[in-house]
Amino acid sequence: MLKLTPKFAKECNFCQRSEVLTMADVHDKKTRSYNMSRIKGENTKPEILVRQFLHKNGFRFRLNYSKLPGKPDIVLPKYKTVIFVNGCFWHGHENCKYYVVPNTKTEWWLNKINKTKQRDIVNEQELESLGWKVKVIWECELKTDKRIQTFKDLLLFLKV
Ligand SMILES: [Zn+2]
């Protein structure tokens with residue numbers, strides 16, 4: 001039996017399974033490569049949705065601007081706004097159906113996720129103290145049924 005490494009577990013969470021022995025038996029090739037792109041933390045699909053929306057609406061932005069706290073996913077210098085597109089699992093989105101702590105190694109996961117949440121809070125405070133407006137968009141807010149409302153909210157946020 002394979003040990004549940006974080007990498008494997010992450011993929012499990014993606015496909016909403018609490019336990020996975022091998023990737024091959026649950027993921028087809030296409031899903032795997034999609035998962036891999038998510039794991040690397042770059043060009044994740046939710047983030048691309050936000051970028052496409054902003055681009056289409058004439059907003060110009062920078063990506064992963066590493067000089068800012070927390071390396072925000074999208075930076076809009078003109079609007080002094082940064083956007084984080086957060087995965088509901090990794091950032092512990094409260095009261096969200098996508099935030100399900102695995103029932104194996106539960107304490108380890110909780111500890112890991114809580115550290116991420118703490119870091120998120122600190123980063124947000126630092127950004128705000130530097131004069132940036134911070135917008136967090138959760139992965140679940142980009143699902144097809146919620147996306148339009150999320151983008152409307154984002155426009156309002158940018159225009160305030
Ligand atoms: Zn969520």
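Predicted model: local features only at pLDDT ≥ 70, side-chain atom pairs only at ≥ 80, totals over all residues.
Start by selecting helix α3, residues 45-56. At 1.5 Å a residue, its 12 residues should span 16 Å, and the end C-alpha atoms are 16 Å apart, which agrees. Next, color Pro-46, Glu-47 and Val-50, which are the buried residues to look at in α3. Looking down the axis of α3, the buried residues fall within an arc of 100°, so they line one face of the helix. Turn to the other side of α3 to find Lys-45, Gln-52, His-55 and Lys-56, which are exposed. After α3 comes Gly-58, with a positive phi near 85°.

Now show what covers the buried residues of α3: the cover includes β2 (74-76), β3 (81-86) and β4 (133-138).

Select β3 next. Of its 6 residues, 6 are buried, so β3 is largely enclosed by the rest of the structure. In a regular strand, side chains alternate between the two faces of the sheet. Here Thr-81, Ile-83 and Val-85 point one way, while Val-82, Phe-84 and Asn-86 point the other way.

Leu-76 has Thr-81 of β3 as its bridge partner. The hairpin of β2 and β3 has 4 residues between the strands, and Lys-80 in this hairpin takes a positive phi near 45°.

β3 and β4 pair in the parallel sense over 6 bridges, and the bridge partner of Asn-86 in β4 is Trp-138. Trace the chain from β3 through helix α4 (residues 106-129) to β4: this β-α-β crossover is right-handed.

Methods. Residues numbered from 1 in each chain as written. Helix = DSSP H or I, 4+ residues; strand = E, 2+ residues; numbered from the N terminus. Expected span 1.5 Å × (residues − 1). Buried ≥ 20, exposed ≤ 12 C-beta atoms within 10 Å, placed from the backbone. Arc of directions from axis to C-beta. Contact = placed C-beta atoms within 7 Å. Pairing = 2+ DSSP bridges. Right-handed = clockwise from strand over helix to strand, strands pointing away.
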